[in-house]
Amino acid sequence: MVAISRLHHWRLLFALALVAVAGAAWACGGSDDGGGSARSGGAAGPLEVRLVADEGGGALTFEPKEIRARVGQTVRLVLDNKGLALHDFNVVDMPVRVVMATGAEHGGHETGAEGDSGMALHVASDPGQRGELEFVPLEPGTYVFFCSVPGHQEAGMEGQIIVS
Ligand SMILES: [Cu+2]
């Protein structure tokens, strides 16, 4: 971590030096993080996760079973339902800021943020559809995600979000 943040510092200093030399060239896109030339690939960009829900061979699965994220990093989760039943993605207890959610509505609880479903995170997806959820983890820890349709978690629809 120390080495990485040092690297960031050097990149920042280098970028500032370039700006100073270039002068007027700064005019466009000054606020958007260098637009690819100095993209650090660290915690700055959103983490895209495609979570596939499936029912292959009678087993109920989420793939991947493990999602790794960092505190403060925006996670964009796409729940891709390849099955024939509705599935959803839930996390009960996780300090999180929900940015946005879209997806299926079902069983009286809305897709979306805390308060609606009693979950910290919740998004549902109809068969063949996708639901999307964007959130920012606020504290490190290991959190269980699962499908709340009765019997599904027990049949294998669960996994972990590991926040560091
Ligand atoms: Cu399910």
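Two strands are taken as paired if DSSP finds at least two bridges between them. Strands (E, at least two residues) and helices (H or I, at least four) are DSSP runs, numbered from the N terminus. The structure shown is a predicted model, in which local features need pLDDT of at least 70, side-chain atom pairs count only at pLDDT 80 or more, and totals for chains, interfaces and linings use all residues. Residue numbers start from 1 along each chain as its sequence is written.

**Figure 1. Overview of the protein and confidence of the model.** The secondary structure comprises 1 helix and 10 strands, in the sequence pattern α-β-β-β-β-β-β-β-β-β-β. The mean pLDDT (the predictor's confidence in each residue, from 0 to 100) is 77, and 65% of the residues reach 70 or more. Over residues 12-41 the pLDDT is below 50, and this stretch has 9 contacts in the model beyond near neighbours in sequence. Where pLDDT is low, the predicted coordinates should not be read in detail. A contact requires that the C-beta atoms of two residues, placed from the backbone, lie within 7 Å. Among contacts between residues at least 6 apart in sequence, 70% join residues at least 24 apart.

**Figure 2. The open sheet β3-β10-β9-β5-β7.** This sheet of 5 strands has mixed pairing. Its edge strands, β3 (66-69) and β7, each pair on one side only. Neighbouring strands are turned by 20° against each other on average, direction ignored; the axes are lines fitted to C-alpha atoms, and angles between N-to-C directions run from 0 to 180 degrees. β5 and β7 run antiparallel and are joined by 5 bridges, with Asp-88 opposite Ala-124 in β7.

**Figure 3. β10 and its two partners.** On one side, β10 pairs with β3 in the parallel sense over 4 bridges, and Ile-67 stands opposite Ile-161 in β10. β9 and β10 run antiparallel, joined by 6 bridges; here the bridge partner of Thr-142 is Ile-162 in β10. A residue is buried if 20 or more other C-beta atoms lie within 10 Å of its own, exposed if 12 or fewer, and partly exposed in between, with C-beta atoms placed from the backbone. By this criterion, 27% of the 164 residues of the protein count as buried.

**Figure 4. Surroundings of Ser-164.** Ser-164 is found in the segment after β10. This residue counts as exposed because it has 12 C-beta neighbours inside 10 Å. Ser-164 touches Arg-70 and Pro-140, not counting residues up to four places away in sequence. Arg-70 and Ser-164 are 94 residues apart in sequence, yet their C-alpha atoms are 4.9 Å apart in space.

**Figure 5. The open sheet β2-β1-β4-β8-β6.** The 5 strands of this sheet also show mixed pairing. β2 and β6 are the edge strands, each pairing on one side only. The twist averages 20° from one strand to the next. β1 and β4 run parallel, joined by 7 bridges, and Arg-50 has Val-78 in β4 as its bridge partner.

**Figure 6. The hairpin of β1 and β2.** β1 and β2 (residues 61-63) pair in the antiparallel sense over 3 bridges. The hairpin has 6 residues between its strands, and Gly-57 in the turn has a positive phi of about 60°.

**Figure 7. The largest nonpolar core.** In soluble globular proteins, nonpolar side chains tend to be buried together. A nonpolar core is defined as a set of buried Ala, Val, Leu, Ile, Met, Phe, Trp, Tyr and Cys residues joined through C-beta atoms within 7 Å. The largest such core has 27 residues, of which Phe-89, Val-91, Leu-121 and Leu-133 touch the most other members. At least two residues of this core come from each of β1 (47-54), β4 (75-81), β5 (87-91), β6 (96-102), β7 (121-125), β8 (130-137), β9 (141-146) and β10 (158-163). Residues up to four places away in sequence excluded, Leu-121 touches Phe-89, Asn-90, Val-91, Met-94, Val-96, Val-98, Leu-133 and Phe-135.
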